[in-house]
Amino acid sequence: MKRPFVAIAVLGLGVAVNAAAQDAAVEQRGKEVFDYWCSACHGAGPGKPGTSALQALYNGQKPALLEERTDLTPELTRSFVRTGVTVMPFFRKTEISDADLDALAAYLAP
Amino acid sequence: MALPSGVSQRDFDRARLAFEAAVGAEWVFTSDEDVALYRDAYSPFKGESEERVASAAVAPYTVEEVQAVMRAANEYRIPIYPISTGKNLGYGGSAPNLSGSVVLDLKRMNRILEVNERNASALVEPGVSYFDFYRYIQEHKLKVWMDCPDPGWGSLVGNALDHGGGYTRTTFRNHFDAHCGMEVVLANGDLLRTGMGALPGAETWQQYKFGVGPWIDGLFSQSNFGVVTKMGFWLMPQPDAYLTGTVVVPRYSDLIPLVDTLNFVENSGVVNGMPQLGSPLLGGFFNPIQSELRELIENGASTDELEAYARRQGAGYWSCTLKFYGPEKSIAADWEWCQDKFAAAIPGATFENGEQFRFPLSTEEIEAITRGQALGSRNSTLPEFGIPSLTMFSIGARSATNPNPTEGHMWFSPIIPRTGEAIIEANRVFSEAARELDLPINAVGFSLPTTYWNRAFIYLFGLPVTKDIATNRANREKFERLVKIVAEHGWGEYRTPPAFQDAVLATYSFNNHALRRFLETLKDAVDPNGILGAGRYGIWPRHLRGGRV
């Protein structure tokens with residue numbers, strides 16, 4: 001009687017492991033997109049105008065580094081990338097594709 | 001989506017199908033949401049009906065796809081506007097001059113086809129950014145530098161074609177001058193290679209610029225005669241060392257021999273880095289002018305009053321930092337020789353030794369340089385070492401001293417003669433213009449030019465783009481007025497946003513606009529249907545010249 005249950009449980013675990021691997025791959029891709037497209041402005045260290053701008057905007061109320069934020073919903077990330085803000089331009093789909101933007105949004109999401 | 005003017009829906013649909021057949025449907029963008037990404041992020045027409053917007057975009061991956069797109073565009077008379085990486089911010093971004101154009105987005109063509117360390121040259125496609133190229137030479141541990149502009153996300157090809165400048169050795173700072181050989185798709189889809197690239201089997205495409213006959217590469221810069229799909233560049237071999245030294249002179253009138261001597265040491269090839277003119281009175285790049293000096297300038301202080309102010313500050317009046325790349329012993333001797341020349345030309349000149357580096361730079365040195373650049377120090381910056389960054393955006397981005405950032409800027413950038421007299425005259429003219437046009441005094445009034453090039457000075461002023469339509473309209477009018485004011489003095493822009501390209505070309509009017517008439521003759525010959533880059537740098541096809549023939 002237990003055998004069918006075990007089989008179903010193993011199958012479920014396989015799905016879960018597979019989904020976790022997919023999530024990790026998406027996050028890894030999201031980090032690559034961040035490093036390539038975002039870090040020159042929003043990375044750590046000196047000379048990063050995006051990080052400096054967010055420091056000036058939030059004055060410590062929120063982290064200046066995007067990678068340390070816990071409130072960046074995927075919708076918010078998509079909105080900033082596709083509409084820009086102040087001197088930050090928006091990015092075309094030949095630069096950041098929808099799939100890459102999804103990965104970036106997942107990487108920055110809480 | 002707005003159709004291109006004069007194009008029927010049926011023809012546009014057919015062209016779109018042809019574009020899709022050429023590049024794949026996923027790389028033809030027609031939805032409003034996608035096409036909006038081809039607006040100029042710094043457009044001075046934000047929120048106005050005059051904003052120049054695309055009707056669609058098509059993004060080829062190969063030169064054959066570019067050719068197929070151009071053939072289809074010719075068949076259906078679709079206006080096409082090529083961009084490389086689309087990051088020409090402050091000079092037009094990714095938007096066309098003519099609304100309704102289909103943007104030909106070359107970002108996907110991002111192959112670094114060759115980097116030849118032995119010949120210090122490279123061949124790249126238009127989608128390659130300075131960041132891409134820097135990563136490549138780092139990963140391959142190549143001992144060559146690519147001269148880069150301030151923002152590292154721009155295209156090597158696009159920047160050179162728009163006459164961009166950089167910060168390393170004299171030979172490489174003019175990016176168009178530093179190119180060698182092009183591949184160009186013409187408006188009819190034909191494929192052309194310039195220089196030695198025209199000779200099948202030649203191994204010298206990136207070694208000798210001219211081939212035989214007229215050198216036509218210039219026709220494809222700031223123009224609309226072809227789509228550049230490959231471009232060769234000369235690279236700077238990594239030097240042994242770098243040295244800076246600063247000359248400080250006491251009097252206002254010393255500016256004239258200061259520039260003359262600078263010209264001599266640069267044109268002699270002894271100073272090979274980008275010199276930096278300054279004034280100890282002005283402080284660093286981001287530092288506001290002290291209130292006493294501001295008051296003096298605003299009140300039209302005399303030279304004697306300004307010199308007295310300089311003496312009270314215990315500072316000199318002008319400074320010039322010289323920069324040298326080369327063998328350590330040689331550049332130390334070069335700096336000594338320069339001190340002799342300046343001391344002989346300018347009584348009272350004093351000298352300060354500056355920075356010294358050996359290459360490659362350490363991680364700690366790069367971080368210290370970056371930190372200094374971000375703080376606006378007068379020390380050397382990353383591009384002087386061929387390192388691309390986006391640090392320059394610190395100027396416009398929000399900061400403690402700039403709590404209300406703008407929505408962008410438009411560069412006003414006139415070329416003036418390389419003399420002290422011209423700087424003095426330019427400051428007089430800009431001060432008058434600042435009063436007439438109500439421009440902020442620290443934008444114009446006590447300004448020193450940039451020295452990308454060793455034969456002429458350039459002034460760079462960023463006029464802000466805001467969210468307010470009335471302010472943007474006023475700033476556009478001020479920009480157009482500035483174009484006319486400087487032209488009255490024989491000065492002209494080296495580069496300008498699309499909104500002002502007609503006005504700027506109109507100032508290059510010798511002999512009843514002979515230059516424009518020649519360009520229009522060429523346009524009609526090489527692009528008889530007038531489909532490519534209509535209006536770019538004031539070159540319009542016959543049917544869009546508003547009756548001018």
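**Entry 1. Salt bridges**

I took a salt bridge to be a side-chain nitrogen of Lys or Arg within 4 Å of a carboxyl oxygen of Asp or Glu. The model is predicted: local features need pLDDT of at least 70, side-chain atom pairs count only at pLDDT 80 or more, and totals for chains, interfaces and linings use all residues. Residues are numbered from 1 along each chain as its sequence is written, chains are lettered from A and ligands numbered from 1 in the order in which they are written, and side-chain values use heavy atoms, with hydrogens and water left out.

I searched the whole structure and found 38 salt bridges over all chains. I noted one network of salt bridges, which links Arg82(A), Lys93(A), Asp98(A), Glu33(B) and Asp34(B). Side chains of opposite charge can pair when their charged atoms come close.

I then looked up single pairs. For burial I used relative accessible area: under 20% is buried, over 50% is exposed, and partly exposed is in between (1.4 Å probe, protein chains only). Helices (H or I, at least four residues) and strands (E, at least two) are DSSP runs, numbered from the N terminus.

Arg92(A) and Asp105(B) meet through their side chains in a salt bridge, at 2.9 Å from N to O. This pair joins two chains, because Arg92(A) lies in the loop between H3 and helix H4 (98-108) of chain A and Asp105(B) in strand E4 (residues 102-105) of chain B. Are the two partners buried or exposed? I found Arg92(A) buried, at a relative accessible area of 1%, and Asp105(B) buried as well, at 0%.

A second salt bridge, at 2.7 Å from N to O, is formed by the side chains of Arg111(B) and Glu125(B). The pair links distant parts of the chain, 14 residues apart: Arg111(B) is in the loop between E4 and strand E5 (112-116) of chain B, and Glu125(B) is in the loop between strand E6 (121-124) and helix H4 (130-139) of chain B. I recorded Arg111(B) as partly exposed, with a relative accessible area of 25%, whereas Glu125(B) is buried, at 4%.

**Entry 2. Helix H11 of chain B**

I examined helix H11 (residues 363-374) of chain B, which has 12 residues. From its first C-alpha to its last, H11(B) reaches 16 Å, close to the 16 Å expected at 1.5 Å a residue; the expected span is 1.5 Å times one less than the number of residues.

Which residues of H11(B) are buried? I listed Ile369(B), Thr370(B), Gly372(B) and Gln373(B). Seen down the axis of H11(B), the buried residues fall within an arc of 165 degrees, so they line one face of the helix; the arc is that of the directions from the helix axis to the C-beta atoms. They pack against strand E15 (350-358) of chain B. On the face turned away from the buried side I found the exposed residues Thr363(B) and Glu364(B).

An α-helix has 3.6 residues a turn, so residues three or four places apart point the same way. Glu367(B) is partly exposed, with a relative accessible area of 40%, and Arg371(B) is partly exposed at 39%.

After H11(B) comes Gly376(B), whose phi is positive, near 80 degrees. I placed Thr381(B) in the loop between H11 and strand E16 (408-412) of chain B. Thr381(B) counts as buried, at 18% relative accessibility. Leaving aside neighbours within four places in sequence, Thr381(B) is in contact (heavy atoms within 4.5 Å) with Ile369(B) and Gln373(B).

**Entry 3. Val270(B)**

I located Val270(B) in the loop between helix H7 (255-267) and strand E13 (276-278) of chain B. Val270(B) is buried, with a relative accessible area of 16%. Which residues does Val270(B) contact, leaving aside its neighbours within four places in sequence? I found Val265(B), Phe324(B), Asp334(B), Trp337(B) and Cys338(B).

**Entry 4. Chain A**

I counted four helices and zero strands in chain A, in the pattern α-α-α-α along the sequence. Of its 110 residues, 37% count as buried. Among contacts in chain A between residues at least 6 apart in sequence, 47% join residues at least 24 apart.
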